[in-house]
Every structure is written in C-alpha cells, then in structure tokens.
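Subject: Two-chain model, handover and notes

Hello,

The structure is placed below, and my notes follow it. Please keep it open while you read.

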Amino acid sequence: MNAHRVSEALANQGSFKDDLVAEIPGLRAFATSLCGSVSVADDLVQDALLKAWSNSSKFQPGTSLRAWLFTILRNSYYSQYRRRVREIQDSDGVYARGIAVAGDQESHLDLADFRKALGMLPPEQREVLTLVGASGLTYEEAAEICGVEVGTIKSRLSRARAKLSELLGLDE
Amino acid sequence: MPRNTIHRPTDGVGKQAASRGLDVRSLERIGSSLKAHYEDLVRTPIPAKFLELLDQLEANERTSSVGSAGKPR
C-alpha cells in the first residue's frame with residue numbers, strides 16, 4: 001500500500017467510526033429493548049462495536065449501517081447473552097433511568113407499566129416491535145435482520161400488539 | 001451515506017392488526033408508548049467508554065497501518 005492509499009484508507013476508517021458513533025444511541029435502545037437490562041445491553045453494544053470494527057470490510061457501503069449493526073448485535077444476543085440475562089434476573093435496575101414521563105402525547109401509557117408488559121413478551125415479539133414500531137426500520141429490513149420472511153414479521157407484530165393489549169388491559 | 005433519522009414515520013403501525021380485533025385507540029396507545037419507550041432510551045447520553053473504545057480501535061489501526069505500509073497484505 002502506498003502512502004496515498006494508506007491515508008485514504010485512514011480517512012475512510014475515520015468516517016466509519018463517526019458513522020458508528022452516530023448509531024450508538026439506537027443500538028443501545030434496541031439492545032435494551034431486546035434483553036431488558038441496561039448493563040447487559042451495554043455489554044452487547046460493546047461487543048457489536050468490536051465486531052463491526054474488525055469486520056468493517058464486510059459492510060457494504062450504501063446499505064443500512066443500522067440494519068447491519070442490529071444484525072450483529074441480535075446474533076450475539078441469541079447466541080451468547082440470552083441465557084445470561086435469565087441468570088442475572090436483572091438485579092441491576094432495569095431501565096434505571098426510565099423515570100421520564102412519557103412525553104407529550106396524552107395517549108401514552110405509563111412508561112413503567114408499558115416496559116413491564118414489554119418485558120413479558122417473548123424476545124421474538126419484543127424485537128419486532130422495537131425494529132418496526134420504534135426504530136423506524138422497514139418490514140423488509142426487519143425481516144432481513146431477523147432472518148425471516150416479511151410475512152413472519154407482520155404476524156409477529158400482530159401477535160405482539162395483541163399480547164401487549166391484553167397485558168395492559170386495553171381492550172376491556 | 002445518509003444517516004437514518006430516528007423519526008422516520010412508521011406507516012401502517014396499527015392498520016394491519018386492526019383487522020385482528022384491536023381497536024384503533026389501543027393501537028395508537030401501543031404505538032405511541034413504544035416510541036416514548038424507545039425515545040427515552042435513545043436520549044440517554046452515550047457512555048464515554050464507547051467513545052474511548054472506538055478511539056482506541058482507531059489508534060491501533062493507525063499504528064498497525066503505518067507499521068505495515070508497503071508490505072503486502
């Protein structure tokens with residue numbers, strides 16, 4: 001590699017780093033929603049950042065960095081972390097910071113109640129709610145991240161909403 | 001590359017499930033609560049350790065790139 005190529009590569013790497021930083025808040029939100037624990041979520045995020053960095057050559061520019069990172073994080077969760085989350089039973093204060101009143105819209109439910117209900121759903125439903133309903137990914141991106149068909153995403157979403165509604169007593 | 005924004009509208013949240021028995025009001029409450037939950041998490045400041053980690057990775061990369069410049073990969 002000549003000096004010019006090196007500096008070019010470094011410049012590109014620099015912007016990749018900035019892109020990663022920009023995705024950290026969303027990545028943490030997804031991780032926390034998925035595992036229900038802020039501290040485990042941060043371990044997942046750190047793991048995903050390390051993997052993303054060492055595999056940066058596999059990222060295809062022009063595709064969604066967010067979707068790529070979510071895929072990496074999700075794979076770690078299911079392969080390594082899921083059991084661990086069950087073991088620790090979240091003694092670390094799940095959503096410790098979640099004292100914020102849920103915004104301005106009057107239709108919001110109590111945030112703590114909502115999170116409790118969310119935590120009772122199977123992870124397959126939690127993740128689809130988070131991906132499509134909150135992080136703004138498309139059905140197609142969510143399907144790719146979860147490795148299933150779009151139709152499966154839609155039916156999981158329906159089941160997740162029905163279950164939440166039941167848990168929160170919305171349909172009474 | 002364009003950065004995604006958090007606020008991309010999520011079309012159709014609700015319409016589909018409506019046919020399965022959930023009323024529109026319930027769907028709206030679930031949808032807005034979900035967004036409030038997520039936004040609350042997204043607003044949390046990024047812990048310094050993540051920025052330090054990326055700085056460290058970048059520094060390592062520079063060191064090893066300079067060290068290996070000119071060598072075949």
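What share of the 172 residues in chain A is buried? Buried residues make up 38% of chain A, where buried means that 20 or more other C-beta atoms lie within 10 Å of the residue's own, exposed means 12 or fewer, partly exposed is in between, and C-beta atoms are placed from the backbone. In chain B, which has 73 residues, the buried share is 26%.

Some conventions before the details. This is a predicted model, in which local features need pLDDT of at least 70 and side-chain atom pairs count only at pLDDT 80 or more, while totals for chains, interfaces and linings use all residues. Residues are numbered from 1 along each chain as its sequence is written, and chains are lettered from A and ligands numbered from 1 in the order in which they are written.

Overall layout

Chain A has 7 helices and 0 strands, and chain B has 3 helices and 0 strands. Helices (H or I, at least four residues) and strands (E, at least two) are DSSP runs, numbered from the N terminus. Along the sequence, chain B reads α-α-α. Of the contacts in chain A with a separation of 6 or more, 65% join residues 24 or more positions apart; a contact requires C-beta atoms, placed from the backbone, to lie within 7 Å.

Domains and core

Chain A is assigned domain 1 (1-92) and domain 2 (105-172), with bounds that come from an automatic or database domain assignment. Where the two touch, domain 1 contributes 11 residues and domain 2 contributes 10 residues. On the domain 1 side, the elements giving two or more residues are α1 (3-35) and α3 (65-88) of chain A. The largest share of that side, 5 residues, comes from α1(A). By class, the domain 1 side divides into 5 nonpolar, 5 polar and 1 charged. Here Ala, Val, Leu, Ile, Met, Phe, Trp, Tyr, Cys and Pro count as nonpolar, Asp, Glu, Lys and Arg as charged, and the others, Gly among them, as polar.

The largest nonpolar core has 48 residues, and A:A31, A:L44, A:A48, A:L69 and A:L73 touch the most other members. Such a core is a set of buried Ala, Val, Leu, Ile, Met, Phe, Trp, Tyr and Cys residues joined through C-beta atoms within 7 Å. At least two residues of this core come from each of α1, α2, α3, α4, α5, α6 (139-146) and α7 of chain A, and from α2 of chain B. Both domain 1 and domain 2 of chain A give residues to the core, so it lies between them. Leaving aside neighbours within four places in sequence, A:A48 is in contact with A:L27, A:L69, A:I72, A:L73 and A:S76.

Helix α5 of chain A

Helix α5 (residues 123-134) packs on helix α7 (residues 150-167) of chain A at an angle of about 105 degrees, with their axes 9 Å apart. Axes are lines fitted to C-alpha atoms, for helices over the stretch in contact, and angles run from 0 to 180 degrees between N-to-C directions. The two helices are therefore roughly perpendicular; angles under 35 degrees count as roughly parallel, over 145 as roughly antiparallel, 65 to 115 as roughly perpendicular and the rest as oblique. On the α5(A) side the contact uses A:E124, A:Q125, A:V128, A:L129 and A:V132, among others on the α7(A) side including A:I153 and A:L157. The contact has 6 nonpolar, 1 polar and 4 charged residues.

Because 10 of the 12 residues of α5(A) are buried, this helix is largely enclosed by the rest of the structure. Just after α5(A), A:G136 has a positive phi of about 80 degrees.

Between the chains

Helix α4 (residues 111-120) of chain A meets helix α2 (residues 24-42) of chain B at about 95 degrees, with their axes 10 Å apart. α4(A) and α2(B) are therefore roughly perpendicular to each other. A:L111, A:F114, A:R115 and A:L118 face B:S33, B:A36, B:H37 and B:D40 in this contact.

One tryptophan

A:W53 is in helix α2 (residues 38-54) of chain A and counts as partly exposed, because 19 C-beta neighbours lie inside 10 Å.

Regards
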